[in-house]
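Subject: Structure handover

Hello,

Here is the structure for your files. My notes on what was found in it follow below.

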Amino acid sequence: MAGIDDDTPIPTAITLHRKSKMLEIAFDDGREFSLPFEYLRVHSPSAEVRGHGPGQEVLQVGKRDVDILDLQAVGNYAVRPVFSDGHDSGLYSWDYLYTLGRDRDVLWQRYLDRLAAEGRSRDPAENPPPAPKSGCGHKH
């Protein structure tokens with residue numbers, strides 16, 4: 001299968017829990033993970049979030065209330081969530097979902113620390129728009 005090596009655990013069940021906003025995933029090695037929609041969104045493997053190389057990552061802010069509207073299978077190796085904020089370009093391979101589950105506590109704390117360091121928030125209403133890149137923002 002494309003994108004999967006012999007050591008990649010394969011999901012045996014994937015369930016969206018819309019009310020609690022959790023994706024539950026069980027793997028063939030017996031591990032099971034519950035991943036919040038917000039966590040999945042801010043750790044999207046898309047270029048929009050991760051950039052095209054180290055140091056190009058874009059901090060995702062205001063995603064506390066994000067929902068998954070649809071979860072589409074991509075071959076036999078990944079899923080593509082469609083998020084309520086319009087983001088739909090992340091392909092979550094089985095190995096990436098496994099890593100997100102296994103390393104959830106560390107990755108989540110790293111995200112929270114980065115939000116705090118940049119004075120940003122998980123809440124949409126608490127994130128002012130970015131300042132204009134040059135000048136005062138007015139047309140003269």
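A negative surface patch is made up of D5, D6, D7 and D95. Patches take residues with over 30% relative accessible area and no salt bridge, joining like charges within 9 Å and nonpolar side chains (Val, Leu, Ile, Met, Phe, Trp, Tyr) within 5 Å. Asp and Glu count as negative and Lys and Arg as positive, while His and the chain ends are not counted. The place of a charge is NZ of Lys, CZ of Arg, CG of Asp or CD of Glu. Accessible areas come from the Shrake-Rupley method with a 1.4 Å probe, and for residues only the protein chains shown count as cover.

Please note that this is a predicted model, in which local features need pLDDT of at least 70 and side-chain atom pairs count only at pLDDT 80 or more, while totals for chains, interfaces and linings use all residues. Residues are numbered from 1 along each chain as its sequence is written, and side-chain values use heavy atoms, with hydrogens and water left out.

D5 counts as partly exposed because its relative accessibility is 47%; buried means under 20% relative accessible area, exposed over 50%, and partly exposed in between (1.4 Å probe, protein chains only).

Salt bridges

Side chains of opposite charge can pair when their charged atoms come close. With a salt bridge defined as a side-chain nitrogen of Lys or Arg within 4 Å of a carboxyl oxygen of Asp or Glu, the count comes to eight salt bridges. One of them joins R122 and E38, with the closest N and O atoms 2.6 Å apart. R122 lies in the segment after α4 and E38 in helix α1 (residues 37-42), so the pair ties together parts that are 84 residues apart in sequence. E38 counts as buried, at 6% relative accessibility.

R80 and D88 also meet in a salt bridge, at 3.5 Å from N to O. R80 is partly exposed at 24%, and D88 is partly exposed at 33%. Another salt bridge joins D103 to R102 at 3.0 Å, N to O. Both residues count as partly exposed, D103 at 27% and R102 at 44%.

Aromatic pairs

There are six aromatic pairs in the structure. Rings of Phe, Tyr and Trp (its six-membered ring) pair if their centres lie within 6.5 Å; planes under 30 degrees apart count as stacked, over 60 as edge-to-face and the rest as tilted. F27 and Y98 form an edge-to-face pair, at 4.9 Å centre to centre and 80 degrees between the planes. F27 is in strand β2 (residues 22-27) and Y98 in helix α3 (residues 94-102), so this pair ties together parts 71 residues apart in sequence. F27 and Y98 are buried, and together with F33 they form one aromatic cluster.

The pair of W108 and Y111 is tilted, because the ring centres are 5.2 Å apart and the planes are at 40 degrees. Both residues lie in helix α4 (residues 104-117), three residues apart, about one turn of the helix. Y111 counts as buried, at 7% relative accessibility.

Loops

K21 lies in the loop between β1 and β2. Its phi is near 55 degrees, a positive value in a residue other than glycine.

Regards

Note on methods
Helices (H or I, at least four residues) and strands (E, at least two) are DSSP runs, numbered from the N terminus.
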